[in-house]
Every structure is written in C-alpha cells, then in structure tokens.
Amino acid sequence: FQSTVGENRCLQGHLIQLLIRYCDVNAAARWVQRYGLPKETLPYAVADELQKLQIQERVEEAAKADNYEESKKKDYYQLPIPRANIHFLQTWEEALQCWEKVLRPGQVVGIDMEWRPSFGVVGKPRVSLLQIALKDEVFLLDLPRLLEEAEAEGEKEKLPRFVQRLYADAAITKLGYGMSGDLSSLAATCSALKDMDKQAQGVVDLLTVDKQVDVLSSEQSYKERGLRQPEKGLSLLVQHVLGKPLDKTEQLSNWEKRPLREEQILYAASDAYCLLEIYEKLCKDPASFGLSSDLTESLVGKPSGKPRAKRQPNKGEVPSPSGQQCRGSGKETSCAPAPISPKEFSVVCDNMLQGLGRYLRCLGVDVRMLENEDDHRKAAEIARQEGRVILTSGLPYQTLQSQVAEGRCFSVNCSEKAKEQALQVLKHFNVQVSLADIFSRCQ
C-alpha cells in the first residue's frame, strides 16, 4: 500500500484518513511527519498529536546530548578547576595580570600551544593560542591579537620579553610535551624568539618522561577489557598516569578563527592543565611508573652537579619509537635503537607510497595505506588513533611531523624503489625481519 501511495499528495491524504478511521491518531501523525504534509491541512486531533511527537523528539534529542556529555565526563579526563578560572586574554592589560602570577620564583606551569592545521604548507605554523596553566587557573593567550596590539603601540618586544623571562628563569619549572616543536613554532610566530630553545632552563619535557614510563600495565588492562588501545602521545600518558585519556576531538580545529568555541576553550585548557597533574603524580611516586626516584633532578633543565639521565634532542634529531636519539630522516642513525620485530612495528603509508606499504606488509609489518583520494591529514589522524608511525615524503612531511609526537613521522626518499625504501625504514627503526615474518600478514 505504501508503494502504491508513493509521492501522490492526494493518496497520502486518503491514507491519513484511513489511519484515523481504522488505526489511531498517533499512527496517522507519524505518517504525516514522514510525508511532510502541511499542518494546516490536517484534522485538529492529528495536528495536536503531531505537535506532541515533535516535542517528544526534541526532549529525546536533548537527553541524548546530555547522555553524550555525561559519557564524555565518564570516559575522558576532565578539568578539576571551575570554568570561571579559565581566562581568555586578548589585551595586554589582561595579559599583565597573567605575567604577575606566572613569573614568580618556585612556580610550576604547564605550557601548551595550538595552531591552525597547515597541511601541504612548508615550515612551522604560527601559534594561534598559548596556554599557561597554574594550579588554580589557566590563561589562554590570543597571540595574533596580542602581537597586533603590541605592533600598533610600537612595542613589538612585549611578547618576546615575557617568553624569554619565563623560559630563562631556572626557578620556574616549565612543563610541556614535545616542547622543542612548540618552541620552534613560537619562533616562527615571533622571530625574536628563534634561539629560545638554547636559553631555556627549568624545563621538563614530559615527552622525554613518556619514553621512560612503564605502560605495560595500562596496555594489558585494555586487552583484558577488550577495548581498543587509546591514541598514543600525551593522551596515552594521561590515561596511564591519571586514569582517563584526553578527548582530542578539537585537536585539528581552526585555532585562528574567533571567537573560539566553548569546546575549543575547554580542550586547550585541559591540554595545558593535565601536565601539572601528571608531573605532580609522577614526582610523588615515580617508582610505581618505572621511573628513577631522582625524577626531578634528572629531567628538569637547571644546573646540577649530577649528570642528566637523558639529554634533549639537538636540532635535526628525533627520538625513535624505542626512546633513543636518532638523526633526522634519510641519515645514518647516531645510535642503535633496541631491535624490534615486524609484529611490533605498525605504520600508515601516505598515498604516494603504496608500493612501499605493500612491500613492508610482505615482510610482516602492520601497514595501513591511504587511498589515492585521501587527504594527507588522514595519516595523522590514523597515526594518533592507532599509535602508528607515519611514512611520507616531500612537502607533506613538513606538516605531518608537527601533528604527531616526535619520532613518529619518517620521510622516505621517493626517488628510490619500494625495496630500497623498505630497507631504509627497517634500518632507521631497527626492525629485524626473520624468515617466519615473511608473508605472515598475507592471505
């Protein structure tokens, strides 16, 4: 009967009359809603029932939204401070209040930065938002607006002066995650800060700590519960140390657009504030995370009579997945990272490297490959979600490497054949292939 009625308005109206006569008003109202019949043509009882249906649907949608928010609170890290303690600063008058609180000896601050994703563009992106977290509040600095105001007032040195004071003060502990990458983006935003990484003291890069944290118990817990391993990087560290991962939904949003959405503000504040909580918990009980009891002394970049447990990477060096320092892509490794088997090595190949992907899969490597029509940004999304290393080449490397943790993006020589490319990748990451690995992933 439904197929007979089709899109014929006259037959649809006749169907509604039959439903009223032989079924009930609710059934008639549902078919009215389905056909989109004008309300003014309906009998009063049907129109009234239709209105009730629409109200009920809105209530259900609101309940779904509330449940989703509750689910997020249950599943993801939540800021422990009130929303009123998150300050979005767009003028220097506001920023000066922040400086006074941050530049105090003995202060511990979490620092993060956000910028608009710039896929396909060479060089470091300009920072759109600088987040500074203290124990009781978070400051979000609108850098484009502040730089514009400072230039208009003829005081371009305002921002560099504050940042230099902050990073050069060994009495202030600065916490970050992949801080060298953040500082190079800050230098691209303000040229006066180009040597900031050399002047920095009192810095704790939790990416370095992450390489030492024992995460076996966390991974085992996920396997036992039958859940997918959460994304790598800071989110996984937060999951292991604080019990819940970060919600990274807003990571690739447009951080230059104003006004920022509420979700962006909460995301940005969480990324900076979680560093404080991680650091506090690791310092209280480093042994339970497989860390040395001398955590602070070995990782804080301030003068010490003791040798450091690990040095920060120099320019052109990135940590390998095993946590050891290796030279940039295409060069000889400066050390031998711990050997791993193909089963332990998972990659995502950019769409111009499908031949390499097929070759690595034949050797037993866990490979995902982008389709020809896929955007490069999909490689970064997959890498973060599944903990894979990105294999790419040329210009995409410059932007993709800024979207993942250091050492998780590798540039392959496109002029070489798939076999030579595969050997280059295996050698860089010290993947040792046995006879049993060959064709182990092939049908």
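Which residues point one way from β4, and which the other way? Val138, Leu140 and Asp142 lie on one side of the strand and Phe139 and Leu141 on the other, and all are buried, where buried means under 20% relative accessible area, exposed over 50%, and partly exposed in between (1.4 Å probe, protein chains only). The model is predicted, so that local features need pLDDT of at least 70 and side-chain atom pairs count only at pLDDT 80 or more, while totals for chains, interfaces and linings use all residues. Residues are numbered from 1 along each chain as its sequence is written, and side-chain values use heavy atoms, with hydrogens and water left out.

Strand β4 covers residues 138-142, strands (E, at least two residues) and helices (H or I, at least four) being DSSP runs numbered from the N terminus. Strand β1 (residues 86-89) pairs with β4 in the parallel sense over four bridges, two strands being paired if DSSP finds at least two bridges between them; within this pairing, His87 has Phe139 as its bridge partner. On β3 the sense is antiparallel, with five bridges to β4, Leu130 being partnered by Leu141, and a hairpin of four residues joins β3 to β4.

Leu130 in β3 also stands opposite Met113, as β2 and β3 (residues 129-133) pair in the antiparallel sense over five bridges. Strand β2 (residues 108-114) has six of its seven residues buried, and three bridges join β2 to the parallel strand β5 (residues 173-176), where Leu175 is the bridge partner of Gly110.

Elsewhere, Leu435 lies in the segment after α18 (418-429) and is exposed, with a relative accessible area of 78%.
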